[in-house]
Amino acid sequence: MIKRLLIANRGEIARRIIRACRELDVETVAVYSDADAKAPHVGEADHAVHIGAAPARFSYLNIDAIIEAAVAAHADAVHPGYGFLSERAPFARACETAGLIFVGPPASALEKMGSKIGARALMAGAKVPVVPGETPVDQSNDALQAAAARVGFPVLIKPAAGGGGIGMKTVRDAAAFGDALAAARREATASFGNDSVYVERLIEQPRHVEIQVFADSHGNTVHIFERECSAQRRHQKVIEESPCPALSGSMRQRMGAAAIAAAKAVGYVNAGTCEFLLEGSGDSAHFYFLEMNTRLQVEHPVTESVTGIDLVHLQLRVASGEPLPFTQAGLSQRGHAIECRIYAEDPAQGFIPQAGPILLYSEPRGPGIRVDSGVQAGSDVSVHYDPMLAKLIVHGSTREVARRRAIMALREYAILGIRTNISFLLQILEHPQFVKASIDTGFLDREGGSLVASIPRELPAAVLAAVQQHRAGARTSVTSSTISSPGTQDPFETLRGWRG
Amino acid sequence: VAESRALGNGWWLVTDGDKRWRVAIVEGEDGTWFFVDGQVGRIDAESAPISRGRAKGRGDTSVMAPMPATVAAINTSVGQSVNEGETVIVLEAMKMELPIKSPRSGIVKAVHCAKGDLVQPGVNLLEIE
């Protein structure tokens, strides 16, 4: 077993990994930038090493500094978390060269899945469905038009060198193809200096459904079911859940098998996720491989909640050379889990990220409630890093129980000092389409404006008056002696709302 | 009559008749932050709610608007005497009435607003001498 693990990350994921290490008797080494000297993950680890200045490229993205820290701290393994260096093959290789176990897949698997076009070809070869499309060598108007006709309208024209949706054009019929192609080429040239394009079938109103896979170094690969992440704002996931309400049992099996095939095609080891687009629902649905995330996912607790598996424990065991402790037949889903990402961003101001001090921080508690957080009262939220502060994960016997539980928990989740998206999350959870589980990946981009507008702005006069009094330093009838602590409040009293 | 009672750690139990709310309140450099039922608000620092007449009898006291609001009623006029705690102006903000109380006893020296005015935080509504 790994003895001392360096965690090449920060925030909630660093704390979550430290917790798992404690449980397995693995010593932990935190790393930190100038901005994070007082961050919770630094205080909670057994050892802590300063690795550089606040901007990530000088610290959490600095391979040399992190390897140096691991060697100096006598660590025998490195966990990259998610983001930062987690999917960088050179980092995995640098760990290997330094004699450190990289808690993740082999560098070769990171490389194979890292190339968009290469991965697509590999997946097609492994009989994993990809979105139908063509990349004609002949880039003439006629050849591309013919390719679009073969793929079938509606199609998407995508720049070959592109990314992030730039230069992508939707074409609904053959007559509109010429103008759209010209526009796509202009934008591709302007943004990427390359006007090559390819044609893909447009998947209308898809759901984002991903399959958790796990492989050990003994040739065993399983899938650990799905997560639905269709609630995204500009490709940023906001709410995730499992099971996916649109997935039938047989579709789940087929997607699971495809994800296993994808993992095997690249010699995958450890935790990974295959992302798919799901078109339609039930047994008649179609699914298409998008990409593989070669790391632990932000939303992994959703899978942990419904399966009872601790994925970080499993990562550490598998990285230590142990075989998977279960077979596919031994895995099952129980109940329903929902994760809400708490971002430091202001919905009322176009979701601009917020930075500043956290003056008051109070997490919800209760049956089926889990909070993975990177901050606490007194934390300073920095402009240098991702604005995700924490994740609320709830579990219940049914989707509706979980949804109601999430709402009640968010209504108790007080973060003061900076603005967060909690009020926005509450609106999503109450939206009729979310309640019916009939959302696709375009839902938040279509409905975001009206969701923000529906955030209640009225406050009871008594509450405002209390705030005014507090502000003025005056208090009417302070009888704090009658109540010992907020923890002893009757939950039915404390949950009483003011709306309605 | 609304009451609030400290629960500790920045939490208050606010009651108004048979309604009650658990409210978190904390003072920051940029203002007073509060939380109730998943909603976060802040009263900006520059908009002191009521300039409190600590120095009783020494000079004039201004009564300020705590937040952007509409003047719903003015219960006094120049030359009238008011008592400390007496509601002198009623503002309406966020569809709620917000009574503005006199911070001290005295004579109303000037009224700087009229019914229906939209007032901004920190604006001087009334002066008491």
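How many aromatic pairs are there over all chains? In this predicted model, the count comes to ten aromatic pairs over all chains.

## Aromatic pairs in chain A

One of the pairs joins Phe84(A) and Tyr385(A), whose ring centres are 6.5 Å apart and whose planes stand at 80°, so the pair is edge-to-face. Phe84(A) lies in the loop between β4 (77–79) and α4 (89–97) of chain A, while Tyr385(A) lies in the loop between β21 (380–381) and β22 (388–396), so the pair ties together parts that are 301 residues apart in sequence. Phe84(A) is partly exposed at 24% relative accessibility, whereas Tyr385(A), at 9%, is buried. Ring pairs also link Tyr60(A) with Phe84(A) and Tyr385(A) in a cluster.

Another edge-to-face pair is formed by Phe351(A) and Phe424(A), with 4.8 Å from centre to centre and 75° between the planes. Because Phe351(A) belongs to the loop between β16 (345–346) and β17 (352–353) and Phe424(A) to helix α13 (residues 422–430), this pair ties together parts of chain A that are 73 residues apart in sequence. Phe351(A) is buried, with a relative accessible area of 10%, and Phe424(A) is buried with 0%.

## Charges over rings

In chain A, the charged end of Arg399(A) sits over the ring of Phe434(A), 4.6 Å from the ring centre. In chain B, Arg22(B) lies over the face of Trp11(B), at 4.4 Å from the centre of the ring.

## Chain B as a whole

Chain B has 13 strands and zero helices, and buried residues make up 45% of its 129 residues. Its accessible surface comes to about 6,000 Å², of which 46% belongs to carbon and sulfur atoms.

Terms used. Residues are numbered from 1 along each chain as its sequence is written. Chains are lettered from A and ligands numbered from 1 in the order in which they are written. This is a predicted model: local features need pLDDT of at least 70, side-chain atom pairs count only at pLDDT 80 or more; totals for chains, interfaces and linings use all residues. Side-chain values use heavy atoms; hydrogens and water are left out. Helices (H or I, at least four residues) and strands (E, at least two) are DSSP runs, numbered from the N terminus. Buried means under 20% relative accessible area, exposed over 50%, partly exposed in between (1.4 Å probe, protein chains only). Accessible areas come from the Shrake-Rupley method with a 1.4 Å probe; for residues, only the protein chains shown count as cover. Rings of Phe, Tyr and Trp (its six-membered ring) pair if their centres lie within 6.5 Å; planes under 30 degrees apart count as stacked, over 60 as edge-to-face and the rest as tilted. A charge sits over a ring if NZ of Lys or CZ of Arg is within 6 Å of the ring centre and within 35 degrees of the ring normal.
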